[in-house]
Amino acid sequence: MSTPLGTGPGRVLIAVYGLFALAAGARAAVQIIGRFSEAPLAYSLSAFAAAVYILLTVALWRGARRLALVSLLIELVGVLVVGTASLLDPAAFPHDTVWSAYGRGYLFIPLVLPLIGLFWLRRRPV
């Protein structure tokens with residue numbers, strides 16, 4: 001049996017991911033419903049980020065270590081790729097995504113959060 005991931009500081013991590021899932025999901029829903037044609041790539045990436053945050057919240061809460069690990073890596077790669085692309089080609093991102101400029105619009109938390117999550121997984125024995 002694996003050690004629970006949602007104990008101690010893990011509860012805070014779950015709460016933060018849950019909050020980001022709600023924030024990114026609500027933002028993406030409003031953008032997609034109201035103005036999808038203005039920036040379909042950016043809004044689709046925000047929806048994808050919300051889906052990753054939901055997946056991470058559930059994986060951490062349920063103690064699904066492998067799913068959490070894969071989701072954290074997807075999030076980290078997403079933040080790095082989208083963050084870099086949004087800085088190198090701003091015209092491709094006329095509107096920000098959750099991960100634009102490495103999460104600048106969210107105080108760079110999207111860049112730091114997967115690193116914290118990976119550290120937490122590493123610290124929790126199997």
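Student: Which residues does Q31 touch, once those up to four places away in sequence are not counted?

Tutor: Q31 touches F36, Y43, S46 and D96, where contact means heavy atoms within 4.5 Å. The model is predicted, so local features need pLDDT of at least 70 and side-chain atom pairs count only at pLDDT 80 or more, while totals for chains, interfaces and linings use all residues. Residues are numbered from 1 along each chain as its sequence is written, and side-chain values use heavy atoms, with hydrogens and water left out.

Student: How do you know whether Q31 counts as buried or exposed?

Tutor: Buried means under 20% relative accessible area, exposed means over 50%, and partly exposed lies in between (1.4 Å probe, protein chains only). Q31 has 5% relative accessibility, and therefore it counts as buried. Q31 lies in helix α1, a helix being a DSSP run of H or I with at least four residues, just as a strand is a run of E with at least two, both numbered from the N terminus.

Student: What makes a set of residues a nonpolar core, and which residues have the most contacts inside the largest one?

Tutor: A nonpolar core is a set of buried Ala, Val, Leu, Ile, Met, Phe, Trp, Tyr and Cys residues joined through side-chain atoms within 4.5 Å. The largest one has 26 residues, and L13, Y17, Y53, L60, V98 and W99 have the most contacts inside it. Two or more residues come from each of α1 (9-35), α2 (40-62), α3 (65-88) and α4 (109-123), with α2 giving the most, 8 residues. Y53, leaving aside its neighbours within four places in sequence, is in contact with Y17, F20, A21, A24, E75, V98, W99 and P110.

Student: Which residues of α4 are buried, and what places them on the same side?

Tutor: The buried residues are P110, L113, P114, G117, W120 and L121. They cover an arc of only 120 degrees around the axis, which puts them on the same side of α4; the arc is that of the directions from the helix axis to the C-beta atoms. These buried residues pack against α1, α2 and α3, whereas F119, R122 and R123 are exposed on the other side of α4.

Student: What phi values do A101 and Y102 have, and how is each classed for burial?

Tutor: Most residues other than glycine have a negative phi. A101, however, has a positive phi near 50 degrees, and Y102 has a positive phi of about 60 degrees although it is not a glycine. A101, at 6% relative accessibility, counts as buried, while Y102, at 22%, counts as partly exposed.

Student: Why is the protein described as being as compact as a globular protein of its length?

Tutor: The protein comes to 4 helices and 0 strands. Its radius of gyration is 15 Å, close to the 14 Å that the globule rule gives for 126 residues, so the description holds; the radius is taken over C-alpha atoms, and the rule is 2.2 Å times the number of residues to the power 0.38. Buried residues make up 40% of the 126 residues.
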